[in-house]
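Hi there,

Here is the structure I promised to pass on to you. Please have a look at it first, and then read my notes below.

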Amino acid sequence: MVADLKEVRQPSPSQRGRGGTTAWILQVVSGVLLVVLLGVHIVTQHFVVKGGLRDYAQVVSYLSNPVVLAVESLFVVVLIWHAMLGLRAVLLDFGFGRRGQARITYGVTLLGALTAAYSFWLIAAIAAKG
Amino acid sequence: MSATTRTPRTPGPAQHPPQRPLRGPLRGTGGWARGRHLGSVAFLTNRVTGLLLIGYLYLHLGVLYLLTEGAGSWASVLHLFKNHWFLALESLLILFILVHGLNGLRLALVGTGVGVRHHRVWFTTAMSVSAGLYVVVVLAMFGVI
């Protein structure tokens, strides 16, 4: 299937030149990383322990391992990065002007930063109980 | 009115371009999917599953807060997590992850120009693999395997 460029809607003047190639590439890279990291996260959290769910002591013990801490932290960063880029892409497709696009970018950046801060606090708080 | 006169026809509904017959995986679906390209369906599927997964992310982060309140709080939530209805909902989450991930890989490949002519095969393969893995995961979650 080859796209007919005459039928493809062209971006509005406010969007032209800001096609978001960098964001798309970052989305792809984070997505590929997530295939691995999310797979590791799900398998280690739910298919290693008997019953599939870790109790409190098992969670604390698991997060006390520095390698696990590093991998889970990386997972959190890549996941939030990918999620915020995706949310930004969905919102930008509503066709906002340049100011709206800037607000959306700042908004998802702030949301991502807050989510990451909370996630790191959570990991540290749980690991500290070990 | 004589046989030779004709009353002017009232304008009918706007003429839509003739719709192509559905082919491939969309054949037989009708309704919403009729007239839409498989690529559009795949793109929309990725967007919808992505937004649902963002919602789950925040739900998950909220529940994990209970771990900071001690073993008692976490134990009460674990009891809920082991409920069969909850497991069924969790299995849907796994399905969304599989669909979003595998279709996302397809989008990444097609978006970079790899296998564009075969994007329908990519999509069908991704959905088939998702369905297969979903069955395996569900069987594992409910302790069958």
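A definition to begin with: the expected span of a helix is 1.5 Å times one less than its number of residues. Helices (H or I, at least four residues) and strands (E, at least two) are DSSP runs, numbered from the N terminus. With that in hand, H3(A) has 27 residues and covers 39 Å from its first C-alpha to its last, close to the 39 Å expected at 1.5 Å a residue.

Some housekeeping. This is a predicted model, in which local features need pLDDT of at least 70 and side-chain atom pairs count only at pLDDT 80 or more, while totals for chains, interfaces and linings use all residues. Residues are numbered from 1 along each chain as its sequence is written, and chains are lettered from A and ligands numbered from 1 in the order in which they are written.

On confidence, the model scores ipTM 0.82 and pTM 0.78. Chain B has a mean pLDDT (the predictor's confidence in each residue, from 0 to 100) of 80, and 75% of its residues reach 70 or more.

Chain A has four helices and zero strands. Back to H3(A): its buried residues include A:Glu72, A:Val76, A:His82 and A:Arg88. Buried here is 20 or more other C-beta atoms within 10 Å of the residue's own, with C-beta atoms placed from the backbone. The buried residues of H3(A) pack against H1 and H4 of chain A together with H1 of chain B.

Now the interface: 20 residues of chain A are in contact (C-beta atoms, placed from the backbone, within 7 Å) with 25 residues of chain B. On the side of chain A that touches chain B, H4(A) supplies the largest share, five residues.

Conventions:
Contact = placed C-beta atoms within 7 Å. Buried ≥ 20, exposed ≤ 12 C-beta atoms within 10 Å, placed from the backbone.
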